[in-house]
Amino acid sequence: MRHLNRLLLLFLLVLLPQYVHCEEIHFVSREQVDLSNLLSPPPALDSQQQHQEIDELLAFQKNRTPAMEAFARADADRTVFRFADVIGNNFTAEKLPQAKAFFNMVRENADYILGPTKEHWNRPRPYVADTDIHPCVPKPGSASYPSGHSTFGTVTSIILANMIPEKQKQIYDRAELYRRNREIGGVHYPSDVEAGRIAGTVVAAFLFQNPAFQEEFAKARVEVREALGLPVK
């Protein structure tokens, strides 16, 4: 029994740094950014705007092509490397391990802030509100408002644009496609996506005020720019 207790203690000591690290990734706290107090409420289920947004999604559904559906499914992956098509072939997870870890921390921080807001509004997904909507992307298990993909795509694009200002326009244009693919995919209303764009902008602004974030950003920036053959200074 004593031997088993020692093994258990050793196991917990090994895990402890991982739990500490999980706390450290939250550069921005929920107390700093309470999105439920910053965003306007989503449209009511019986409102005119709600019906208009349903009509928009049905129009997307009617007109989307197999190529558009494939693009939306690919963009369901919440990774910074979805921006590789506008940044370059060397912008890969394999070549940029430090940037990969950094942007994973950013995504987790954004999710941490967004979670209570989704629960607060608890807006049903479009395909729940209207059974004529048939998503072409995986159905998420969370509430609809604000869009987590839109939030992530926005905060990621702002960080990338600051890392690679030479490609600022291409990055922001790609972020717009990333956000729009949630509507094309049938899993988010336009107002979800717009709220995510606002949320991502707010989160990014607070991230850049955090010294720990700035330190990690600087290291990831060097790795990315060197991989792309761009001057570091």
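In the protein chain, residues 24 or more positions apart account for 81% of the contacts with a separation of 6 or more; contact means heavy atoms within 4.5 Å. This is a predicted model, in which local features need pLDDT of at least 70, side-chain atom pairs count only at pLDDT 80 or more, and totals for chains, interfaces and linings use all residues. Residues are numbered from 1 along each chain as its sequence is written, and side-chain values use heavy atoms, with hydrogens and water left out.

**Overall make-up**

The protein chain has 11 helices and 0 strands. Both kinds of element are DSSP runs numbered from the N terminus: helices are H or I with at least four residues, strands are E with at least two. Of the 233 residues in the protein chain, 42% are buried. Buried means under 20% relative accessible area, exposed over 50%, and partly exposed in between (1.4 Å probe, protein chains only).

**Aromatic pairs**

Rings of Phe, Tyr and Trp (its six-membered ring) pair if their centres lie within 6.5 Å; planes under 30 degrees apart count as stacked, over 60 as edge-to-face and the rest as tilted. The count comes to 11 aromatic pairs. Phenylalanine 81 and phenylalanine 91 are a tilted pair, because their ring centres are 5.1 Å apart and their planes stand at 50°. Phenylalanine 81 lies in the loop between α4 (66–74) and α5 (84–87), and phenylalanine 91 in the loop between α5 and α6 (97–121), so the pair ties together parts that are 10 residues apart in sequence. Phenylalanine 81 is buried at 15% relative accessible area. Phenylalanine 91 is buried too, at 1%.

Phenylalanine 213 and phenylalanine 217 form a stacked pair, with 6.0 Å from centre to centre and 25° between the planes. They are 4 residues apart in helix α11 (residues 211–227), so about one helical turn separates them. Both phenylalanine 213 and phenylalanine 217 are buried. They also belong to one aromatic cluster with Phe27, Phe102, Phe103 and Phe208.

**Charges over rings**

A charge sits over a ring if NZ of Lys or CZ of Arg is within 6 Å of the ring centre and within 35 degrees of the ring normal.

| Charged residue | Ring | Distance to ring centre |
|---|---|---|
| Arginine 30 | Tyrosine 112 | 4.0 Å |
| Arginine 78 | Phenylalanine 152 | 5.9 Å |

**Two packed helices**

Two packed helices are described by the angle between their axes and the distance between the axes. Here α6 and helix α8 (residues 148–163) pack at about 145°, with axes 10 Å apart. Axes are lines fitted to C-alpha atoms, for helices over the stretch in contact, and angles run from 0 to 180 degrees between N-to-C directions. Which residues meet? In α6 they include Phe102, Phe103 and Val106, and in α8 they include Phe152, Val155 and Ile159. The contact of α6 with α8 divides into 10 nonpolar, 3 polar and 2 charged residues. Ala, Val, Leu, Ile, Met, Phe, Trp, Tyr, Cys and Pro count as nonpolar, Asp, Glu, Lys and Arg as charged, and the others, Gly among them, as polar.

**Single residues**

Alanine 84 lies in helix α5 and is partly exposed at 21% relative accessibility. Alanine 84 and arginine 174 are 90 residues apart in sequence but 9.8 Å apart in space, C-alpha to C-alpha. A cis peptide bond joins tyrosine 145 and proline 146, with omega about -5°. Proline 146 is in the loop between α7 (126–129) and α8. Asparagine 122 is not a glycine, yet has a positive phi of about 50°.
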